[in-house]
Amino acid sequence: MCGEVIVKQDEIPALGHSFGDWEIVSKATCENAGELKRVCSVCGAEETKKDPATVTMSKNSFVYSGKVQKPVVVVKDSKGRIIPSAGYTITYSKGCKAVGKYALKLTFKGNYRGTINRTYTIVPKATSISSVLSGKKTFTINWKKQTTESSGYEVQYATASSFKGAKTVAVTSSKITSKKIAAVTSKRKYYVRVRAYKKVGNTKYYSAWSGVKTVVVK
C-alpha cells in the first residue's frame with residue numbers, strides 16, 4: 001500500500017464552519033498513507049484525513065516474443081482514481097527480452113516518498129504434442145521442437161485427467177522431441193502433457209503445458 005497526498009482541493013463549506021485548503025501534515029510513504037489537515041477560519045476546528053493507494057501491474061508474466069516486454073504500472077487512490085505519473089518514476093532492469101526474471105522500481109516524488117519494488121517473468125513459448133504411441137507396457141510421446149529460449153522439456157503423465165499423482169520426467173535437451181515411458185500398466189488409460197523450460201542460473205522458467213493427449217497401453 002502507498003498513500004496519496006492531495007495538495008489542493010476546492011473549499012467545501014461545512015455547517016457552521018469555513019474550511020480552507022487541505023495542507024500536508026505528512027507525506028505518503030510505501031508503508032503509511034499521507035495525512036492531510038484543514039482548518040476552519042471561523043473557529044479553528046481541524047479536520048484530517050488519510051487516503052491510501054494501490055499499485056498494480058498489467059501482467060506478472062509474459063511469453064517470450066523476441067521483443068522487450070514490460071508491464072504497465074497503474075497507481076490508484078482508494079476511490080479508484082488514477083494518480084498521475086508526475087508523482088513517481090519507474091526504472092526497469094536491463095534487457096527485459098530473454099527468458100528470466102526482471103525487476104521494476106517505482107520511486108515516488110513530489111508529494112510522495114518511498115519506493116516499491118516488483119518483479120515479473122518472461123517464460124518460454126509452449127510446445128505441442130504430435131503423437132502418443134502405445135506399446136506393450138510402454139508408450140512413446142512425440143512433440144514439436146521448441147529450441148528458442150529453451151533448455152529442455154518436462155513430460156508429465158497420470159491415470160487421472162486432473163493429473164493428481166502424476167509422474168514427471170525431464171528431458172534435458174531442447175533438441176530431443178521424443179520420450180519412451182516404460183513400466184506402465186497394461187490396458188490402462190494415461191493422460192499426457194509436455195512443457196518447455198529454460199534454466200537461468202539455478203532457476204527453471206516453464207512454459208505453459210501443452211494440450212493433453214490420452215493413450216491406452218497395450
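**Reading cores, strands and rings in a predicted model**

Modeller: In this predicted model, Ile 122, with neighbours within four places in sequence left aside, is in contact with Phe 62, Val 63, Tyr 64, Gln 69, Cys 96, Lys 97, Ala 98, Val 99, Gly 100, Tyr 102 and Tyr 205.

Biologist: Which residues touch the most other members of the largest nonpolar core?

Modeller: Ile 122 is one of them, together with Val 55, Val 73, Val 75, Leu 106 and Tyr 120; the core holds 18 residues. Two or more residues each come from strand S4 (46-57), strand S6 (73-77), strand S8 (100-108) and strand S9 (115-123). Strand S8 gives the largest share, four residues. Another core, of 17 residues, lies apart from this one, and its members include Ile 141, Ile 181, Val 192 and Val 215.

Biologist: How do you know whether Tyr 120 counts as buried or exposed?

Modeller: The relative accessibility of Tyr 120 is 1%. Buried means under 20%, so Tyr 120 counts as buried. Tyr 102, at 11%, is also under that limit and therefore counts as buried.

Biologist: Why is the ring pair of Tyr 102 and Tyr 120 called tilted?

Modeller: The ring centres are 6.0 Å apart, and a pair requires centres within 6.5 Å, so the two rings form a pair. Their planes stand at 35 degrees. Planes under 30 degrees apart would count as stacked and planes over 60 as edge-to-face, so this pair is tilted. Tyr 102 lies in strand S8 and Tyr 120 in strand S9, so the pair ties together parts 18 residues apart in sequence. Ring pairs also bring in Phe 62, which forms a cluster with Tyr 102 and Tyr 120. The whole structure has eight aromatic pairs.

Biologist: How do S8 and S9 pair, and over how many bridges?

Modeller: S8 and S9 pair in the antiparallel sense over eight bridges. Two bridges are enough for strands to count as paired, so the eight found here meet the requirement. Tyr 102 has Tyr 120, in S9, as its bridge partner.

Biologist: What is the order of the open sheet of four strands?

Modeller: The order is S5-S9-S8-S7, and the pairing is mixed.

Biologist: What makes strand S5 and strand S7 stand at the edges?

Modeller: Strand S5 (61-63) and strand S7 (88-92) each have a single partner strand, so one side of each is left without a neighbour in the sheet. Neighbouring strands of this sheet are turned by 25 degrees against each other on average, direction ignored.

Biologist: Why does Arg 118 count as partly exposed?

Modeller: Its relative accessibility is 32%. Partly exposed lies between under 20% for buried and over 50% for exposed, so Arg 118 counts as partly exposed. Arg 118 lies in strand S9. Beyond neighbours within four places in sequence, Arg 118 is in contact with Val 55, Met 57, Tyr 102, Ala 103 and Leu 104. Thr 56 is 62 residues away from Arg 118 along the chain, and their C-alpha atoms are separated by 9.5 Å.

Technical notes. Residues numbered from 1 in each chain as written. Predicted model: local features only at pLDDT ≥ 70, side-chain atom pairs only at ≥ 80, totals over all residues. Heavy atoms only, no water. Core = buried A, V, L, I, M, F, W, Y, C linked by side-chain atoms within 4.5 Å. Buried < 20%, exposed > 50% of the residue type's maximum accessible area, 1.4 Å probe, protein only. Contact = heavy atoms within 4.5 Å. Axes fitted to C-alpha atoms, helices over the stretch in contact; angles between N-to-C directions.
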